[in-house]
Amino acid sequence: MSITRSIRTPIMHRAVEANGFVFLGGTIADDTSVSMGEQTRNILGKIAGYLKEAGTDKSRVVSASIFVTDLSKKKEMDAAWTEFFGDNLPTRATVGVADLGGGALIEVVVTALKG
């Protein structure tokens, strides 16, 4: 089994390909001063770009882990999520956390099939 790492940051690779899957590390919004819905849209746009760079796309996402600091705003996240994925909704877990740092309200981790 080969492992390919791409999209290097100072502390990690954003994407790791292994055994036919693409694993994307946690992604937060560029602007953390906006609403949960806007942060989610920004994150999903970034994820779409990372997936494209790794040779796959959002229709191939099979699983997501979502960390949010305010579960009362989950409906905003859900609206942005369904706009983005449409009928290709992956499995997911949404977990409430105390803090994500930098004012982020949400962080998303996804796994997709390659290709």
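Is Glu17 buried or exposed, and what is its relative accessible area? In this predicted model, local features are reported only at pLDDT of at least 70 and side-chain atom pairs only at pLDDT 80 or more, whereas totals for chains, interfaces and linings use all residues. Residues are numbered from 1 along each chain as its sequence is written, and side-chain values use heavy atoms, with hydrogens and water left out. Glu17 is buried, with a relative accessible area of 17%; buried denotes under 20% relative accessible area, exposed over 50%, and partly exposed the range in between, for a 1.4 Å probe and protein chains only.

Glu17 belongs to strand β2. Helices (H or I, at least four residues) and strands (E, at least two) are DSSP runs, numbered from the N terminus. Apart from its neighbours within four places in sequence, Glu17 is in contact (heavy atoms within 4.5 Å) with Ser2, Ile3, Thr4, Val22, Ala54 and Lys114. Val22 is also the bridge partner of Glu17 in β3. Strands β2 and β3 run antiparallel and are joined by four bridges; two strands are taken as paired if DSSP finds at least two bridges between them. The hairpin of β2 and β3 has two residues between the strands, and Asn19 there takes a positive phi near 50°.

A search of the whole structure finds seven salt bridges, each defined by a side-chain nitrogen of Lys or Arg within 4 Å of a carboxyl oxygen of Asp or Glu. One of them is formed by Lys114 and Glu17, with the closest N and O atoms 3.1 Å apart. Lys114 lies in the segment after β6 and Glu17 in strand β2, so this pair ties together parts that are 97 residues apart in sequence. Lys114 counts as partly exposed, at 33% relative accessibility.

The strands form an open six-stranded sheet in the order β1-β2-β3-β6-β4-β5, with mixed pairing. Strands β1 and β5 (91-96) stand at the edges with a single partner strand each, so one side of each is left without a neighbour in the sheet. Within the sheet, β3 and β6 pair in the antiparallel sense over five bridges, and Phe21 stands opposite Leu113 in β6. Seven bridges join β4 to β6, also in antiparallel fashion, and Ala64 has Val110 as its bridge partner in β6. Helix α1 packs on the sheet, touching β1, β2, β3, β4 and β6, and its direction makes about 30° with that of β6. Helix α2 packs on the sheet as well, touching β4, β5 and β6, at about 160° to the direction of β5. These angles run from 0 to 180 degrees between N-to-C directions, with axes fitted to C-alpha atoms, for helices over the stretch in contact.

Helix α1 (residues 36-53) comprises 18 residues and reaches 26 Å from its first C-alpha to its last, close to the 26 Å expected at 1.5 Å a residue, the expected span being 1.5 Å times one less than the number of residues. The buried residues of α1 include Ile43, Leu44, Ile47 and Leu51. Gly49 of the helix is partly exposed, with a relative accessible area of 36%. Just after α1, Gly55 takes a positive phi of about 85°.

The side chains of Glu83 and Arg41 meet in a salt bridge of 3.0 Å, N to O. This pair links helix α2, which holds Glu83, to helix α1, which holds Arg41, across 42 residues. Glu83 counts as exposed at 52% relative accessibility, while Arg41 counts as partly exposed at 31%.
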